[in-house]
Protein chains: 2
Amino acid sequence: MDRVLAVDLGGTKIYSALVGRSGEIICENKCLTRPEDGVDAVIDRIANSLKCVCSACERPLGIGVAVPAYIDSEKGVILFAPNLKWRDVDLKRALEEAFNLPVWMDNDANLAALGEHRYGAGRGYRDLVYITVSTGVGGGLILNDQLYRGAFGGAGEFGHMIVDAHGPICSCGNEGCLEGLASGCAIMRDARDLVRSGRGKGILAATEGIEGVDACAVGKAALEGDPEAKEILIAAGRHLGRAIASVANLLNPELFIIGGGVACGVGELLLEPAYDEAYRRTYPPYREQLKIIPAALKGRSGLLGAAAYAWDQLQQEIDR
Amino acid sequence: MDRVLAVDLGGTKIYSALVGRSGEIICENKCLTRPEDGVDAVIDRIANSLKCVCSACERPLGIGVAVPAYIDSEKGVILFAPNLKWRDVDLKRALEEAFNLPVWMDNDANLAALGEHRYGAGRGYRDLVYITVSTGVGGGLILNDQLYRGAFGGAGEFGHMIVDAHGPICSCGNEGCLEGLASGCAIMRDARDLVRSGRGKGILAATEGIEGVDACAVGKAALEGDPEAKEILIAAGRHLGRAIASVANLLNPELFIIGGGVACGVGELLLEPAYDEAYRRTYPPYREQLKIIPAALKGRSGLLGAAAYAWDQLQQEIDR
């Protein structure tokens with residue numbers, strides 16, 4: 001049987017799998033990334049993880065790689081990966097040499113969009129916007145059934161859409177980006193501010209001390225019904241909804257898919273206020289077309305997107 | 001020689017032309033729309049205007065029509081044209097019957113984007129965003145060298161991107177849309193507010209009484225150096241720049257083209273603050289890619305876009 005290797009390289013873990021043409025995972029492996037050990041150590045871990053999943057199998061046809069980075073997609077060089085603190089790393093060549101297989105690489109949010117489109121919540125849709133809400137906020141665009149990368153490969157930076165001209169400073173240095181208002185980091189910041197002000201008892205009860213207060217603790221408290229935790233998620237959801245409305249008006253897509261650790265963890269607590277705000281803010285003739293659903297592949301959107309990308313590239317080579 | 005007919009139907013005037021394959025205008029005609037006379041009268045005027053431009057020439061191959069409307073592009077029916085106060089008008093069929101020629105119709109901002117891409121400031125670019133700043137704010141997207149209409153035909157509503165969560169109420173009913181902050185109407189509102197507050201002498205001097213205060217008067221005063229008029233345009237330009245930054249981050253295009261009556265009238269007075277704000281707000285790795293230029297076809301972007309659209313459709317029929 002034909003198989004490809006896929007790897008989703010994250011700041012905390014490396015997730016590898018051997019994947020069939022329908023997106024079925026034959027064998028998978030997860031290990032810690034530990035970027036503090038340096039580039040070479042991480043590349044060795046990726047290679048070992050991939051060897052581990054294909055050891056029992058026939059020879060795979062190629063390798064798809066999802067990276068949390070801004071990359072030169074033609075050369076396959078990682079220009080900048082903030083979570084890994086990598087700059088100018090030629091991961092593609094390193095893996096090609098290690099496996100003697102073709103390697104295709106793209107940004108993880110782009111590939112998560114592709115994964116959901118091919119195997120997940122976006123199957124059968126031609127135009128969709130995938131949004132990931134985790135530590136940061138990212139996204140990917142499927143337009144006319146194709147991953148849209150923009151002119152320079154950087155399309156989909158949904159987290160840096162401006163939703164409040166006077167909002168807080170974002171990690172990118174600008175004010176009012178969605179990422180500074182609705183990411184896991186923003187939720188953590190708001191929850192810690194609340195705790196520091198002497199409130200947020202329910203959130204504090206969901207974890208150990210203020211250092212443990214993060215988006216996960218907020219989600220836990222909110223799921224248990226804590227009103228302050230819910231209020232933080234509602235505020236984040238509304239900011240998300242405002243950005244969705246802007247994109248609905250600009251791109252008029254069929255579907256928005258919301259994935260990422262934070263969104264998957266809290267589900268409707270974030271999606272409901274996001275939908276309500278987006279509906280209210282969408283240009284009236286487009287409102288009834290608005291559709292926002294959770295990702296279906298959860299933690300596997302990027303991994304299966306990397307596999308889909310490898311399959312697509314193999315198909316293109318056959319077509320040539 | 002092969003020719004097509006093109007018409008740009010506006011709320012105030014009908015602009016028709018006989019156009020060659022390279023976008024050259026052989027003969028043109030302008031007349032008032034006067035929508036208050038009713039749908040049939042306006043359709044008669046369009047037909048007469050078109051007959052006027054092709055009377056001396058060989059038989060054209062088809063008709064491209066740009067309409068200020070939300071349309072069903074498959075059926076070619078105008079669903080809603082606010083400036084004309086039209087609903088469910090089958091202009092395509094009326095013109096097909098009048099001329100016995102194929103008729104192709106699209107939204108004017110979409111076709112202006114196509115016009116600039118084919119014959120204007122966007123020649124040679126693959127991915128661009130066209131923005132029109134006139135009475136309202138609209139736009140059109142060229143992605144991968146194609147007009148991108150979204151899933152339901154409504155892509156490009158740039159004016160309804162939210163740039164200030166707490167901004168003024170827009171004509172669409174939402175708060176903080178770009179159209180409510182940077183359109184001709186918004187500039188007029190801000191200028192009149194200023195005059196009513198006892199200031200804005202320079203703007204008032206550029207026209208006759210507060211009823212004459214509009215974006216044109218503001219532009220005139222600003223071009224003469226009036227600081228209050230300039231300040232209004234700077235504020236509008238900054239809002240525009242904020243929306244451009246969001247789109248630069250989302251779509252990562254090669255180029256933004258700014259057209260429309262207000263933008264063409266005041267030029268750099270609007271574009272400079274827009275560029276400065278967009279540059280400052282764009283995701284840092286994308287800043288040096290930011291390019292914002294004025295439309296090259298000025299009042300003819302929509303008309304020549306309608307012609308380009310007709311040429312494209314004719315070519316598609318040949319290819320079939």
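Predicted model: local features only at pLDDT ≥ 70, side-chain atom pairs only at ≥ 80, totals over all residues.
**View 1. Chain A as a whole.** Here you can look for 11 helices and 13 strands in chain A. The C-alpha trace of chain A spans about 55 × 50 × 35 Å along its principal axes. Its radius of gyration is 20 Å, which agrees with the value near 20 Å that a compact globule would have with 320 residues. Of the 320 residues in this chain, 57% count as buried.

**View 2. The open sheet of chain B.** Five strands of chain B line up in the order S3-S2-S1-S4-S8, forming an open sheet with mixed pairing. At its edges are strand S3 (25–32) and strand S8 (103–107) of chain B, and each of them pairs on one side only. On average, and with direction ignored, neighbouring strands of this sheet are turned by 15° against each other.

**View 3. A helix on the sheet, chain B.** Helix H3 of chain B, residues 108–119, packs on this sheet. The helix touches strand S1 (4–9), strand S4 (63–67) and S8 of chain B. If you compare directions, that of H3 makes about 100° with that of S8(B).

**View 4. Strands S2 and S3 of chain B, side by side.** Strand S2 of chain B, residues 13–19, pairs with S3(B) in the antiparallel sense, and the pairing runs over 7 bridges. For a handy landmark, find Leu18(B): it stands opposite Cys27(B) in S3(B).

**View 5. Where chains A and B meet.** Chain A brings 39 residues to the contact, and chain B brings 39 residues as well. On the side of chain A that touches chain B, helix H8 of chain A (residues 227–251) supplies the largest share, 7 residues. What kinds of residues make up the side of chain A that touches chain B? They divide into 22 nonpolar, 10 polar and 7 charged.

How values were computed: Residues numbered from 1 in each chain as written. Chains lettered and ligands numbered in written order. Pairing = 2+ DSSP bridges. Helix = DSSP H or I, 4+ residues; strand = E, 2+ residues; numbered from the N terminus. Axes fitted to C-alpha atoms, helices over the stretch in contact; angles between N-to-C directions. Contact = placed C-beta atoms within 7 Å. Nonpolar A, V, L, I, M, F, W, Y, C, P; charged D, E, K, R; others polar. Rg over C-alpha atoms; globule rule 2.2 N^0.38 Å. Buried ≥ 20, exposed ≤ 12 C-beta atoms within 10 Å, placed from the backbone.
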